[in-house]
Every structure is written in C-alpha cells, then in structure tokens.
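Hi,

Here is the structure I promised to pass on. Have a look at it first, and then read my notes below.

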Amino acid sequence: MKPYLGVAILFLLARTYQTCLLKNGMSSVYLSAFEDLKPGNVIGTLPFESETSKETDVELRVVKGNDLVDVKPGSHDLILKKGLDRDEGVGKFEAVVECRSSNLDADFSQLNISVFVTVKDINDNAPVFDSAEYFVDIKEELPTGTIVFTDFEATDNDQPGPNSFVQYSIVQGPHSHFLEIPDPFKPVITVKDRINYEEIKKFSVEIEARDQGEPSLASKVPLHVTVVDVNDLLPKFKHSHYTAKMQKNGVLVFEPEAISAQDGDRLNASLIFSLSGELSEHFAIDNDGSIRSISPNPPQRATFFVTAAERDDPERSSTAILSIRLQPSLAFQHNTYSTTISPSTPIGSTVITVTANSENNASLTYSLLADTNTVSIDEVSGNVVLRKKLEKPETLNVTASDGESVVSTTLHLMTANSEETCRTPIKFEKFEYRMTIGKLNVLGVVNATSRSGKKLTYILMNMNNDFEVDTNGVVKLLPKARLNCKTCELIVVAKDGTQMAITKVNIDNPSFVLHSSTTLALLIMIILCLIFAMLAILVCRKFCEKWKQGNRRSSICWLNGTTDTGISITTTTPINSRYVVNSDRDRCYESKSPGPKRSQGAHLVPVTVVSDGSGASPTVYF
C-alpha cells in the first residue's frame with residue numbers, strides 16, 4: 001500500500017503545483033453572452049485544472065480587453081464591464097487573462113489565458129419602413145386581386161434569421177376591408193373589396209411590418225389612398241400588372257406576356273399608349289405596346305403606369321401597373337439553403353454546396369458573413385465544410401461576389417438529433433418530394449403534421465413566378481410559368497406561427513428543351529464534323545489514286561525513240577505476260593493494267609523476245 005500512497009501524494013502535489021493550467025489541457029476558453037447582458041453580470045468562469053486550489057492561490061488580471069471585461073475579485077469569474085451591441089459590429093471579442101500563482105515552485109506559475117467571447121443576437125430592433133407614410137392613387141371599380149401598390153419595404157437591422165424575417169399585413173381598421181396583402185412575405189397590396197368613387201373618395205389604412213423574433217417587434221405606417229373616378233366600358237388590359245426582368249436590344253420583355261389592351265365597348269376602336277409616373281421619362285412606348293429605354297442608363301428598378309386611351313376620345317382610358325425589376329447579373333440558384341448534420345458526419349466533409357450564377361461567366365468568390373467556427377466555405381467552389389461538431393442549429397449568411405456585385409443567401413444548419421428537432425411539432429411526411437409536370441396545373445401535395453394541433457401555413461421560398469403552394473399544401477404550376485430547368489427544385493416551408501419545417505420538392509419538366517444558343521452550337525458542331533469527314537474521305541481517295549498511278553506507271557515501258565520499230569523483251573520476263581500497244585504513243589502495259597482504247601486503225605508493231613540460251617529469238621507482231 002505504501003508505494004500506491006506515495007504515487008497518490010505525488011499526483012496531488014503535481015495538481016496543486018499546476019494551478020494556472022486549464023482543465024483537459026485547454027489552451028483557450030470560449031464563452032458566449034447575449035448582447036443585452038448588463039454590466040457587472042458574470043459571463044463565465046475560468047476552468048482551472050487544480051480543483052483543490054483556492055481562489056487566493058492565483059492572481060488573475062485582464063491584460064487585453066479590460067475595457068469590456070474584468071475578473072471578479074476573489075473568484076475565477078469573468079464579468080462584463082460595459083454593454084454590448086451586436087448590431088453595431090460587436091459580434092465577438094477576445095480577452096487575455098494573466099494568471100500568476102502564489103506558488104513560485106509550480107511548473108506553470110504564470111500563464112496568459114485567451115478568452116474568446118461570442119455576442120449573441122437578441123431581437124432588439126423593430127422593422128423600419130423606407131418612408132414615414134405612403135400615398136397612392138387607385139382607380140375605382142378595379143377587380144378584386146388587382147395589384148395597386150408595391151413601392152414599400154421594411155428592413156430589420158437584427159442579424160439574419162427569425163429576428164430579421166419580416167411579414168407584412170394590413171392593420172384592422174374602418175377601411176382595411178378595401179385592401180389586403182395576399183402574401184405576407186411580399187410587399188404587394190391588392191384590391192380586396194369594391195371601391196366606388198361615388199361612395200368614398202379618400203381613405204387611409206395602416207401597413208404593419210412584424211419580425212419573427214421572440215418577442216416579435218412591429219412597425220406601422222399609414223397608406224393614404226385617393227380614389228380616381230373613371231368611366232364605364234373603358235379599354236381593358238389583358239393583365240393589370242406587368243413586370244419586366246430583362247431587355248433585348250433596348251426593348252423590355254414583360255411577364256406574363258407583352259403589353260396589350262382592347263377597347264371595352266368598341267372592339268375596333270384605335271388605342272394609343274402612354275407612360276406616366278416617377279422614372280417613366282426614361283422609357284417610351286410604341287403603338288403596339290412595346291416599351292424601350294431611351295436613356296443611356298435606364299433605372300434598374302422602377303414602378304409607373306401605362307395608359308391605354310381611345311384615339312378619338314382620350315378621356316376613355318385604362319391603366320396598368322408596370323414594374324421594372326431588371327435581373328441582376330449575379331444571383332444564387334436558391335434564396336435559402338438548408339442541410340441536416342448528424343453527429344456521425346466526419347469533420348472536414350462537405351455538408352452542402354451553394355452555387356451562384358453570373359450572366360457574364362465571371363469568376364465568383366464565396367464567403368460567410370456569420371461568426372461561426374462550425375463550418376467554413378471554399379471561396380472558389382462554394383463547398384461548405386464541417387470544421388467541428390454542430391451542437392445546435394445555426395443560421396448563416398453566405399455571399400457571392402464577382403468583383404463588382406455582391407449577393408447573399410441564407411444557409412440553415414440543422415442537427416439530426418438536437419433537442420430542438422425533437423421538440424419541433426412540425427414534420428413533413430417526406431424529406432424530399434418528386435413530382436412531374438403534366439397536362440394539369442396541379443402537380444401534387446406536400447403534407448406536414450403538427451403535434452401542437454395548430455393550423456399550418458405553407459410557404460414557397462423560391463420560383464414564385466412559376467409555382468405556388470396553397471393553404472392545403474397543393475403544389476400548382478402557374479399559367480404564366482416560363483420554366484428554364486429540366487428538374488426544378490422548390491423549397492417549401494410549413495409554419496404554425498412559431499415553429500417551422502422545410503422540405504424540398506423536385507419537379508421533372510418533360511417539355512424542357514435546350515436553349516436556342518445551345519441548340520445552335522450543337523448544330524454548328526455537327527456540320528463541322530460532317531465537313532471534316534468529307535474532307536478526310538476526299539484526301540483518302542486522292543491518296544489512293546496517286547498510289548495506284550505510281551504502281552501503274554512502274555509497269556509502263558516506253559520506246560527508246562521515235563525511230564524505234566519494236567520492243568525487245570528478254571526471257572526474264574514472265575512467260576505468261578501479255579502486252580497491248582497504244583497507237584498514239586507506242587508504249588506497253590503489263591496485262592494486269594487495262595489497255596488503253598485505240599483511237600485510229602490498227603498497225604503492226606514487232607516485239608522481240610530474247611532468250612538466255614543460244615537459241616533463236618522469235619519475233620512476234622501485234
């Protein structure tokens with residue numbers, strides 16, 4: 001027992017002498033604090049290796065970051081000295097604590113300990129509208145669902161995530177039944193009920209923007225509406241709202257189709273078009289409804305009106321809304337990315353790849369704007385690589401830059417067995433759905449269940465111009481859809497107010513055809529291949545003809561001169577050889593070569609065969 005007792009005493013002494021060492025061989029301490037933590041509160045405790053040492057055994061002093069933190073006297077606690085605000089750029093900071101042991105004989109009597117503190121975001125910013133109030137003129141008797149106002153937007157300065165995720169609505173009031181926002185995630189106001197100029201000429205409603213934080217914060221602004229009187233049976237546009245996202249040769253390309261209108265009561269009445277509203281002076285419209293830019297640098301975003309009026313009676317007119325939303329040269333393939341990481345996922349493996357497309361095929365650089373040590377991103381390929389185990393779900397902001405423009409998207413990292421996942425009351429029946437576009441616009445149904453029993457709301461996060469998901473989870477193809485994908489990937493979110501679940505829907509498009517430029521390139525390639533093949537055949541035929549002519553010429557024997565009267569052949573020539581003679585030029589050919597045709601009458605040419613012996617040499621005439 002004595003040897004074991006000695007070892008135990010030495011072990012205790014070693015632990016006592018190593019009073020400045022951190023537990024488990026740690027070289028640094030990582031702490032986190034919410035940005036609303038009050039000065040004087042404890043951020044965390046320094047975990048020293050020596051459990052038997054007293055606070056008086058070491059002297060702790062902050063040598064770096066002492067403007068933000070300090071060591072609580074008589075303890076190992078790190079306390080906050082002044083307030084933090086992540087939204088002002090204080091996302092994380094480093095403090096260095098100097099540790100001096102009172103036992104100078106200890107192995108580590110003095111050490112500098114790095115403490116890294118991450119500041120967590122709280123929902124302390126309400127959404128802010130881009131204007132204190134809004135004004136709009138709305139013509140009376142517009143059909144329900146007509147878009148009448150889109151020039152408003154609210155932003156939230158909180159970090160990307162639920163704290164900055166904004167939803168719009170019309171606040172209940174005496175006139176709120178006239179207007180509505182059909183999609184709470186889009187700043188678009190439409191007509192909800194009949195607006196009659198004879199009954200009401202002006203009214204106001206309040207627009208609310210609310211974030212999804214806990215607790216949520218909201219802002220409200222008034223929208224002042226002036227009702228415009230119009231005549232009945234006016235010219236009618238096929239659509240009340242047109243959007244241009246691109247232009248060709250200076251002419252805007254509108255969706256869902258080109259601008260057109262017809263007279264409401266006299267179908268043959270001639271119509272003239274005109275533009276009005278802010279920034280409309282940068283564009284001009286032709287009699288056929290084509291709109292082109294007339295300024296060197298037309299605005300990339302604008303909203304104004306197009307009016308169709310009768311040529312003989314300009315007072316009889318109709319108006320549609322034009323939204324200019326020219327596509328940026330750089331954009332991510334998806335607005336939101338998400339992936340689930342399990343505890344068994346190897347460190348260093350790629351968990352997801354984000355991809356952005358550039359119209360000019362420029363080199364792109366990817367980066368993360370979030371403070372995280374969990375993953376990193378390859379700035380060239382967009383591969384997101386796991387760097388340490390994911391302990392809890394994270395929401396990150398990813399950017400792509402081509403040197404001139406910068407775009408961003410959201411990346412959700414979810415744990416496969418986290419407590420939040422286990423507590424999530426919403427779950428889709430399938431992690432991934434597959435549907436096919438057919439003759440009907442209904443493609444299929446996504447279904448999610450909630451253990452809380454709350455009503456679920458389905459939200460389509462991307463490709464909203466081509467597809468929609470209704471309140472029952474039915475996925476539909478919009479009539480105005482213009483698909484440029486063979487397999488379209490949709491991201492659908494199910495929410496019950498506070499919780500949400502995400503699924504992916506892969507939609508096969510059998511009618512997908514290659515882009516015209518790609519088809520033209522393939523056609524040109526096929527034509528070039530045919531041309532090269534024909535050239536190769538001609539070269540081979542030419543070579544074969546030359547080769548045959550060379551062999552044939554070796555068999556030709558010419559007379560020595562014009563005065564020669566015959567041909568002498570020795571017996572070394574094969575006996576079975578026969579000869580024919582050309583009367584034009586006296587030359588002979590071996591029998592394997594076809595003899596030339598005669599062009600004149602026959603005449604005799606002597607051919608002498610000379611033998612090797614002393615015998616006579618016969619002469620044969622042909």
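In what order do the strands of the open sheet with β9 run, and what is the pairing? The order is β9-β16-β15-β12, four strands in all, and the pairing is mixed. Before I go on, a word on what you are looking at: this is a predicted model, where local features need pLDDT of at least 70 and side-chain atom pairs count only at pLDDT 80 or more, while totals for chains, interfaces and linings use all residues. Residues are numbered from 1 along each chain as its sequence is written, and side-chain values use heavy atoms, with hydrogens and water left out.

Back to that sheet. Strands here are DSSP runs of E with at least two residues, helices are runs of H or I with at least four, and both are numbered from the N terminus. Two strands pair if DSSP finds at least two bridges between them. β9 and β12 are the edge strands, each with a single partner, so one side of each has no neighbour in the sheet. From one strand to the next, the twist averages 30 degrees (axes are lines fitted to C-alpha atoms, for helices over the stretch in contact, and angles run from 0 to 180 degrees between N-to-C directions). Four bridges hold β12 and β15 together in the antiparallel sense, and I207 in β15 is the bridge partner of I170.

I207 turns up again in the largest nonpolar core, which has 26 residues. A nonpolar core is a set of buried Ala, Val, Leu, Ile, Met, Phe, Trp, Tyr and Cys residues joined through side-chain atoms within 4.5 Å; buried means under 20% relative accessible area, exposed over 50%, and partly exposed in between (1.4 Å probe, protein chains only). F129, F152, L179, I189, F203, I207 and L223 touch the most other members. The elements giving two or more residues to this core include β9 (134–139), β12 (167–170), β15 (202–210) and β16 (218–228). Leaving aside neighbours within four places in sequence, I207 has contacts (heavy atoms within 4.5 Å) that include F129, Y134, F152, I170 and L223. Another core, of 25 residues, lies apart from the largest one, with C20, I43, L46 and L60 among its members.

β39 runs antiparallel to β42 (residues 487–495), and four bridges join them. One of the residues involved is T457, whose bridge partner in β42 is K495.

Now the cysteines. How many disulfides does a search of the whole structure find? It finds one, counting a pair of cysteine sulfur atoms within 2.5 Å as a disulfide. C485 and C488 are the pair, with S to S at 1.9 Å; both are buried. Their link is right-handed, with 75 degrees about the S-S bond.

In the model, residues 520–540 are 100% helix and 0% strand, with the end C-alpha atoms 30 Å apart.

Best wishes
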